[in-house]
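User: Could you take a close look at one part of this model with me? I would like to follow its charged side chains.

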Amino acid sequence: MDGGGALERLGRLGLVAVVRGRSWEDAVEVSEALAEGGVAAIEVAYTTPGAGRAIRELARRRGDGILLGAGTLTSPGQAEEAAESGASFLVSPGFDPGLVSAMLRTGRAALPGVLTPGEVMGALRLGVGALKLFPAGAVGPGYLRALLGPFPGVRFVPTGGVSERNAGEWFGAGAFAVGAGGALAPPRLRDGRHREEVVGLARRFAAAVERAREGARR
């Protein structure tokens with residue numbers, strides 16, 4: 001999927017799960033449970049051992065049934081591997097011009113991490129279509145609202161500290177979509193019962209995001 005198409009789909013879904021597996025197999029199984037619960041955008045973090053393999057396996061199993069991305073990218077090589085493995089969007093934890101340029105060269109959607117107005121300006125100059133606000137929990141929805149003052153129309157995806165309970169506040173502040181890590185995706189599934197708990201949490205989280213988006217549109 002081209003970068004623009006991936007961003008449009010992310011905007012329609014509104015929620016991306018950030019999966020940091022203890023192994024690539026764990027990441028795949030957690031992602032499968034999340035997808036079963038209705039979370040259709042999955043970002044496999046490169047802190048996961050064998051992250052590229054996890055992306056390839058999810059692409060094989062799910063194909064276009066999910067929007068598949070790669071996160072916590074810190075080098076051009078990781079960006080290239082993730083794109084070749086089947087990721088449709090690429091995410092970094094911070095703003096590095098060289099890395100962002102490498103992400104864009106893959107033709108995939110690039111969402112560099114930003115926090116300050118200066119980082120936002122630098123990322124926009126490179127031509128990115130959306131920005132990851134990270135760590136969002138450290139600054140809160142009011143900070144996002146303030147950023148949108150000088151940067152109206154910029155598509156921000158707050159990540160870090162987003163939960164089922166506060167998703168509405170982020171959309172009310174103007175979020176394009178939200179990313180959820182530990183509040184949604186565990187590092188592994190302990191057993192069958194835990195898997196069902198994760199499926200249930202995914203359903204509740206996805207429903208909460210949809211309600212929040214509807215409320216923000218009113």
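Which side chain does R204 meet in a salt bridge? And please go on from there to the packing of helix 2 with helix 3.

Analyst: Happy to! Please keep in mind that this is a predicted model. The partner of R204 is E164, with 3.9 Å from N to O. R204 belongs to helix 9 (residues 192-217), while E164 sits in the loop between strand 8 (156-158) and helix 8 (167-172), so this pair ties together parts that are 40 residues apart in sequence. R204 is partly exposed, at 44% relative accessibility, and E164 is partly exposed as well, at 29%.

This is one of 11 salt bridges in the whole structure. Now to the helix pair. Helix 2 (residues 24-36) packs against helix 3 (residues 51-62) at an angle of about 40 degrees, and the axes are 9 Å apart. The crossing is right-handed. Among the residues that meet there are W24, V28 and E32 from helix 2 and A54, E57, L58 and R61 from helix 3. By class, this contact has 7 charged, 6 nonpolar and 1 polar residues.

Because R61 lies in helix 3 and E32 in helix 2, the pair ties together parts 29 residues apart in sequence. E32 is buried, with a relative accessible area of 10%, whereas R61 is partly exposed at 38%.

E57 is buried at 15%, but R60 is exposed at 60%. Finally, a network of salt bridges links E29, E32, E57, R60, R61 and R62.

Definitions and conventions. Residues are numbered from 1 along each chain as its sequence is written. This is a predicted model: local features need pLDDT of at least 70, side-chain atom pairs count only at pLDDT 80 or more; totals for chains, interfaces and linings use all residues. Side-chain values use heavy atoms; hydrogens and water are left out. Axes are lines fitted to C-alpha atoms, for helices over the stretch in contact, and angles run from 0 to 180 degrees between N-to-C directions. Helices (H or I, at least four residues) and strands (E, at least two) are DSSP runs, numbered from the N terminus. A crossing is left-handed if the near helix is turned anticlockwise from the far one by less than a right angle, and right-handed if clockwise. Contact means heavy atoms within 4.5 Å. Ala, Val, Leu, Ile, Met, Phe, Trp, Tyr, Cys and Pro count as nonpolar, Asp, Glu, Lys and Arg as charged, and the others, Gly among them, as polar. A salt bridge is a side-chain nitrogen of Lys or Arg within 4 Å of a carboxyl oxygen of Asp or Glu. Buried means under 20% relative accessible area, exposed over 50%, partly exposed in between (1.4 Å probe, protein chains only).
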